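Subject: Structure for you to look at

Hi there,

Here is the structure I promised to pass along.

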Amino acid sequence: MITSIQQLKKHLTLTEEELSWKESPNSLPILITDYYMSLMDKTDINDPLRRQCVPTAAENRTAGLEDPDPLAEVEHSPSSRFIHRYKNRIALLTTDVCAQYCRHCFRRRFTGNLMGPLTEEDIRDCCSYLEKHPEIKEILLTGGDVLTLSDSFLHHLISCLRKASPALVIRICTRMVAVNPDRITDSLISVFKSFPEAPFYLMTQFNHPRELTESAVKATAKFIDAGIPAMNQSVLLRGVNDNADTLEELCNSLVFNRIKPYYLFQGDLVTGTETFRVPLEKGLALEKELRKRLSGLAMPLYAADLPQGGGKVPLCGSYIEGKDERGWIFRTSDNQKRIYPDPQE
Ligand code: SF4
């Protein structure tokens, strides 16, 4: 496990930009698993896997309108450990620890501060909130990375949540399968299998096809074989996956391995992450190209989480050009016109 620039130097020849990264109380720590290091092309300074976990001086810069909390999560937090942004679901920040820290992390205001797991009081607060809010149908177990918690802690947490709200759908939001697939043991899976009353969903974050190794696929399959569907949320990252060929390969490979490409997120306006953001015009062109190349099953929804807590919105160009006496005028992806009339009565 790599935790410092000094250790990184033993494995990689660092660039000036990487060596100039400054650690500060607000910076995300360095943590890279041995497994993920083994996937890297150590001779390529632009390796897309390296870019996701080796810090650079760009993180120390703040671009215009960047904010530590662009989604206004703090404003929507009834307690420091859960966020209630959308009426029917909450996000529970189970721990601030991850198996590996992603340099593009959108929750870096919280992640990696060494606060550790939820306390008993945090769990009680969340459960009593669930009891008072029956409109909440789903909970996202996130952080940090929920699968850094021990099996026994997870069992205890899920028991409490299920008791407070038996029909709650639980999303396990994790990057563990991509960065440390050995964590996915039979004993971990048996924790989830011991709560058959309501469904779990696995929410993965694979950003590049090279992350879908045999080990990662096997780890994800353990969930799927246990009846837990897997959905992937990628982030569109400059220098990692911002081209149609890479995204096409990623999405097809996900589908082949029974993981539904769910979202492709435009980068949030988080402090220190400008280096990863892709211009929206380029993102929209990629979305259009992918729509031509991928099946509906393989196509993720390109979306942005708007600044100042504006919420998620889908991003795509309009295929509707207007309306005349014949009906709606559409422009196909091959740039041809089609008329679609409304029903006469
Ligand atoms: S695993 Fe998630 S929470 Fe942790 S650093 Fe990566 S993006 Fe952030």
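Ile45 is partly exposed, because 15 other C-beta atoms lie within 10 Å, and a residue would need 20 or more to count as buried. Please keep in mind that this is a predicted model. You will find Ile45 in the loop that links α3 (34-39) to α4 (48-53). Its C-alpha atom is 7.9 Å from that of Leu14, although 31 residues separate Ile45 and Leu14 along the chain.

Next, the nonpolar cores. The largest has 63 residues, and the members that touch the most others are Phe82, Ile90, Ala91, Leu92, Ile139, Leu141 and Ile172. If you pick out Leu141 and set aside its neighbours within four places in sequence, you will see contacts with Leu92, Thr94, Val146, Ile170, Arg171, Ile172 and Cys173. There is also a second, separate core of 10 residues, with Val235, Val240, Tyr263 and Tyr302 among them.

Last, a pair of helices. The axes of α10 (residues 244-256) and α11 (residues 280-293) come within 10 Å and cross at roughly 45°, so α10 and α11 are oblique to each other. The crossing of α10 past α11 is right-handed. On the α10 side, Ala244, Leu247 and Glu248 take part in the contact, and they meet Leu286, Glu289, Leu290 and Arg293 of α11. Sorted by class, this contact between α10 and α11 is made of 4 nonpolar and 3 charged residues, with no polar ones.

How values were computed: Residues numbered from 1 in each chain as written. Predicted model: local features only at pLDDT ≥ 70, side-chain atom pairs only at ≥ 80, totals over all residues. Axes fitted to C-alpha atoms, helices over the stretch in contact; angles between N-to-C directions. Helix = DSSP H or I, 4+ residues; strand = E, 2+ residues; numbered from the N terminus. Parallel < 35°, antiparallel > 145°, perpendicular 65-115°, else oblique. Left-handed = near helix turned anticlockwise from the far one by under 90°. Contact = placed C-beta atoms within 7 Å. Nonpolar A, V, L, I, M, F, W, Y, C, P; charged D, E, K, R; others polar. Core = buried A, V, L, I, M, F, W, Y, C linked by C-beta atoms within 7 Å. Buried ≥ 20, exposed ≤ 12 C-beta atoms within 10 Å, placed from the backbone.
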